[in-house]
Structure formats: structure tokens, C-alpha cells
Amino acid sequence: MKTLIYNATILTMDKAGTVLKGGWILTEGDIIKELGSSDGKKPEGVEAEEYIDARGGIMLPGFVNTHCHVSMVPFRTMGDDCPDRLRKFLFPLELQSMNRELVYLGALYGIGEMLLSGTTTFLDMYYFEDEVANACLETGIRGYLGETIIGQKTCDSPEKEYGGFEYQKKFLEDFRGNDRIIPIIAPHGTTTLSPEKLSEAHDLAVRYDTIYTLHACEMDYEMSHFREMGQTPIEFLDSIGALSGHTLAAHCIHATESDLSLMKERGSRIAHCIASNTKAGKGIAPMKDADICGVPFGLGTDGPSSGNTLSMFDQMRLMPNAQKTKYHDRSLFSAERVVRAATSGGAEALGAEHFGSLEPGKKADLQIVETESVNMFPAYNPYSALVYSANASNVDLVMADGKILVRDGVLTALDLPKIKADLLHAMKPFMAAAEEYRDII
Ligand SMILES: [Zn+2]
């Protein structure tokens, strides 16, 4: 199937930053075949089965969300202002009430939200991760998925600690070689597993040549724990051999300049989650320093209970605002640099070269953001329009892996009201269990 989309301002996000005004793109199957400019008209001599007029919209690669726990939809808006809520109610309620069905339906719902906001690839770590994989297979999105490995009982390994290990090993084998499901290793964090288990998990990432992602330099108690040991969390990871080209550290709010140099040296990357970091009052990660050091980074929404929306537009807006404020420098992080972080930068953070930019031979993962709505006029600079003016409601079309999954701002293959109704029904016991925490949530 060949599809030709024309009459768009195409931000290719290739290395040279090529922009095609009045541009067109031809996709065949799941691959981009050709791009060009034709004054917004249908190009002569380019044949396709389907022709789509982008009506002067902005075309860019699909967003790459580098850190998420998509199935946490049932927790959204619960205890948003409660300090230390992870230990006060999130962990206990997860253990008590999270189950296979909620993970699956939460993932379907959250993936619907991601597709509607232009995301075509996301990284996820949670429980019953094979259900997230099933939701990815059904919806057409690309997922880098890891079962959470943590040193405590969990909802899917209630009998013993570190059940996630066995789960993950099976998951790795089950989805090995799948084109759209990439199994990764996801130990929870620097203090929630023993050093031995963190290191063992890293060995697994090396053996399967995949990503090793965990929460790092995020929590105050994490920082004081390592301070007492005379180390930073990054130095600790390095000391156990878990800082490498496989490592994608989420948050890194408190990373020092020497941590960042070490990460650069080891080839590690960062998933920057500004909405989640600032909603919790944890701090603003030193992304200017990371950029100067040359540590690749992408943006992440975090879970729907941490950053609340799964829209990368929110991340793109907050990220430069926070960096400019932190460093008192308006010139930091141009809108183009921010769009790069949300697209090709995210792909680089995942170690992927086959998507993240619009170039012949790459995966047909793209989106069109319309410029007709009230908030999108004028749009002198398309990058600025995306970062500072646009929101998820401006996403008009999304193609993931060559398939159109959003058209005219509507999901083509998912019945979101039905998914929502099923999810709400499945949430009843969860909501009843949450009553126990009524005072703090
Ligand atoms: Zn997280």
C-alpha cells in the first residue's frame, strides 16, 4: 500500500534539520519511500493508492515517549498533592488491587491517549507487562517494554521477592525478534533493589543486547542514602557495572556535572520527565549541562499518575520553560532543539536509528499537526508553533509503522468510549480498595 501525503510543512528532523515547505511524503508499507517539495500541490508523476491533503499542516515524526507506566491510568488524579505518596499509597494499593485486566485495559486507554497526541513509540515499565505488549499489538503503536523488577512483593509476583526476574526472562523470550515489541530490562530504581540484583539485571540487558532502564537521581531519600555512602547514585551504578551503553536513566534530577561526564563516557542516556519531576516538587534536571556534556536524552511523560497527561506536547512546553528559568537564560533550548528531543532525540535515547526522523528507508512513523485552529495562528516558526502554541487537540493525523491510526483527530481502530466503559467496570474493586486511603488521596 502506497500513501502520498502532500501540502505540508515537513520537519524531517534529519541531522541537517531539513524543512520541506509545501512538502510531500510517499510511504510504502511501513517504510518512507520518498520526500519532496511541490508548492503544496500533488507532485506530478508520484503514484499512490491513497492521496491525503495535509491542508498546510505541520508534519513531523511521531513522538518518542522515553519513560512511562501507561497502565497506571486508574491512579490518575489520586493524591496528586500527597508527599511521599509512592510509599504511602501507590505501592500498597498496587500490591492490593492492580491486576492483569486493569493493566491491559489501562494500557489500551493510555495508548489511545498517546496516539491522539502524536506518540508512535513509547517505553514502558510496569507489572503484567505482557498485557501492555498485547495492547501494543492490538493498537499498532511501538513499545519498548520491561517488566518491573523490584525487591518487594508485587501484584504479579506475590509469593516471593524479585518475581519480576522470572517474568522478564519469559517476556524476553516470548517477544524476541518482534518488530514492534522490544523487550527491555527495567529494574525499578537505585535503592529498591539490592546492588547484586541491579547488577544481575544489567547482565541480562547485556546478554539480550537491550536497554537497561531505571529511576535514578530522583528521590530525596535516594540521594541521602547514597550521600551517606559517599557516592552519587550514578557513581554507585558505575561501581556495580550497571552504567553502560545499555543504560537509560529516568529523571536524573540531581545528577552532578561529574555524573553527566561519567554517563557520557559510558554511553548512557537520560529520559527527562519534566512534568512529573516538577509536579512532585523534586526539582529541575540539569539538561543544559547534560547537553553540554553530550549525553543523549529524550522526553518522557512518566505514568498518568505522575505526569497526569500522556501528551508529549506538555513535555515540550514545560521543558524549555523550566530550563530557561533554572539557568536564567532565554536563549537556551530553541524550539527546534526541543522538538528534536521529543522525536529523533528520543529514538537516540532508545538506541534506535530506524525511526525518529522522516527520511527514505526509515519507518513510516509520522504525525500532522493542523494549523487551522484558533491557537495555531500565526505560525511563523513551525517549531515554535509546536512547542509553545500547540496541544494534543491539534493532532490531525498519526501514522505508526505505515498505518494511519488517527485521522481527522479521531482514532481509526480503537473504540475509546468502549475501552473507557470496560476500564471503569474493571476499576470497581480498585476504587473500593482506595477508600482505605481516603484521608490522603
Ligand atoms: Zn517512572
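A charge is said to sit over a ring if NZ of Lys or CZ of Arg is within 6 Å of the ring centre and within 35 degrees of the ring normal. The exercises below concern a predicted model.

**Exercise 1.** Determine which ring Lys326 lies over, and at what distance from the ring centre.

*Solution.* Lys326 is placed over the face of Tyr327, and the distance to the ring centre is 5.8 Å. The cut-off for such a placement is within 6 Å. A further case is Arg87, whose charged end sits over the ring of Tyr221, 3.8 Å from the centre.

**Exercise 2.** Classify the aromatic pair formed by Phe171 and Phe175, and state whether each residue is buried or exposed.

*Solution.* A search of the whole structure gives eight aromatic pairs. In one of them, Phe171 and Phe175 lie 5.0 Å apart, centre to centre, with 50 degrees between the planes. Planes under 30 degrees apart count as stacked and those over 60 as edge-to-face, so the pair is tilted. Buried means under 20% relative accessible area. Phe171 has 2% and is therefore buried; Phe175, at 10%, also counts as buried.

**Exercise 3.** Describe the open sheet that contains strand E10, and the helix packed on it.

*Solution.* Four strands, in the order E10-E11-E12-E13, make up this open sheet with parallel pairing. Its edge strands are E10 (212-216) and E13 (297-299), each of which pairs on one side only. On average, neighbouring strands are turned by 25 degrees against each other, direction ignored. Helix H5 (residues 195-207) packs on the sheet and touches E10 and E11; the direction of H5 makes about 145 degrees with that of E10. Within the sheet, E11 (residues 247-251) and E12 (residues 269-272) are joined by three bridges, and Ala249 has Ile270 of E12 as its bridge partner.

Terms used. Residues numbered from 1 in each chain as written. Predicted model: local features only at pLDDT ≥ 70, side-chain atom pairs only at ≥ 80, totals over all residues. Heavy atoms only, no water. Pairing = 2+ DSSP bridges. Helix = DSSP H or I, 4+ residues; strand = E, 2+ residues; numbered from the N terminus. Axes fitted to C-alpha atoms, helices over the stretch in contact; angles between N-to-C directions. Contact = heavy atoms within 4.5 Å. Phe/Tyr/Trp six-rings, centres within 6.5 Å; stacked < 30°, edge-to-face > 60°. Buried < 20%, exposed > 50% of the residue type's maximum accessible area, 1.4 Å probe, protein only.
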